[in-house]
Amino acid sequence: MSSAYLNAILAREAVDTSAFSPVRQVQTIIAPVLQQWANRFLLSISPSGSFAKGTANRSGTDIDLFISLHEDTPETLKDIYGSLFNAIAGAGYVPKRQNASINATIGGFDVDLVPGKRQSAWTTDHSLYRRTADTWTKTNVTTHINTVVMAGHQRESRLLKLWRNQKRLEFPSFYLELTVIAALSGRTSPDLAENVVTVLEYLRDKFTAARVIDPANGNNVISGDLTGTEKQAVRRLAEAALGGNWSGFVQ
């Protein structure tokens, strides 16, 4: 198969991220709930994640909303996370706890809400609660978005995300995006199929040993988010994909 096949898949999975995108109404719908929950400590609500990076697919989460809270917010990060879950449930939605986010269907859209507490008035760094490890981490959503956008490999990331989802692999999105960037570092080929093959070869040959650091926090080892067994599953399926055809890679 060729790049034409992969581009057709991308066209089918295209997401409207324009100012007039229907999914943006989610922010308007949920804002009153978040304002009441956060009281005077709410700084902003803004699109983040794949929607903001240009790596979203129609069959994935529709939008991530980052909720920035003032550094003087008195609750702990764990309490912030828990009280947001309760506020969303109290508003009539059916929230689900994830690692650093809370998922809910809002206005017919699949939404991940990510609460964070700004570290100071002099920075856009935020502290986030990580539920699975019952700890916190420093991050910077703007740095994450800029890192992915400036690299310019959104098409390849979107295809790898579709592959991940269809193969039911554990592979967090930002980890995946940074892996695509590493695999294509220094490569300037415009050929989509060649680039996807390069990423799959990287996953087969280098992924399991690669150390991936959060560009917004040198102490956050993102590659630690997967176990050795989970990384081997990614490697094995990448190897299988290289031995097959494009229709078997992603549909």
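Predicted model: local features only at pLDDT ≥ 70, side-chain atom pairs only at ≥ 80, totals over all residues.

Biologist: Which residues of H8 are buried?
Modeller: Leu-192, Ala-193, Asn-195, Val-196, Thr-198, Val-199, Leu-200, Tyr-202 and Leu-203.

Biologist: And what do those buried residues pack against?
Modeller: Other helices: H1 (3-12), H6 (154-166), H7 (173-183), H9 (228-242) and H10 (246-249).

Biologist: Okay, zooming out. How many helices and strands are in the chain?
Modeller: The chain has 10 helices and nine strands. Its radius of gyration is 19 Å, close to the 18 Å that the globule rule gives for 251 residues, so the chain is as compact as a globular protein of that length.

Biologist: What size of box do the C-alpha atoms fill?
Modeller: Roughly 55 × 35 × 30 Å, taken along the principal axes.

Biologist: How much of the chain counts as buried?
Modeller: Of the 251 residues, 46% do.

Biologist: What share of the contacts comes from residues 24 or more positions apart?
Modeller: They account for 65%, counting contacts in the chain with a separation of 6 or more.

Biologist: Switching to charges. How far apart are the mean positions of the positive and negative ones?
Modeller: They're 2 Å apart, with 26 positive and 23 negative charges in the chain.

Biologist: Now the backbone. What is phi of Asn-39 near?
Modeller: It's near 60°, a positive value in a residue other than glycine. Asn-39 sits in the loop between helix H2 (25-38) and strand S1 (42-48).

Biologist: Why does Asn-39 count as exposed?
Modeller: Because its relative accessibility is 53%, and exposed means over 50%.

Biologist: What about phi of Asp-134?
Modeller: That one is near 50°, again positive in a residue other than glycine. You'll find Asp-134 in the loop between strand S6 (126-130) and strand S7 (135-139).

Biologist: And why does Asp-134 count as partly exposed?
Modeller: Its relative accessibility is 46%, so Asp-134 counts as partly exposed.

Methods: Residues numbered from 1 in each chain as written. Heavy atoms only, no water. Helix = DSSP H or I, 4+ residues; strand = E, 2+ residues; numbered from the N terminus. Rg over C-alpha atoms; globule rule 2.2 N^0.38 Å. Buried < 20%, exposed > 50% of the residue type's maximum accessible area, 1.4 Å probe, protein only. Contact = heavy atoms within 4.5 Å. Lys, Arg positive; Asp, Glu negative; His and termini not counted. Charge placed at Lys NZ, Arg CZ, Asp CG, Glu CD.
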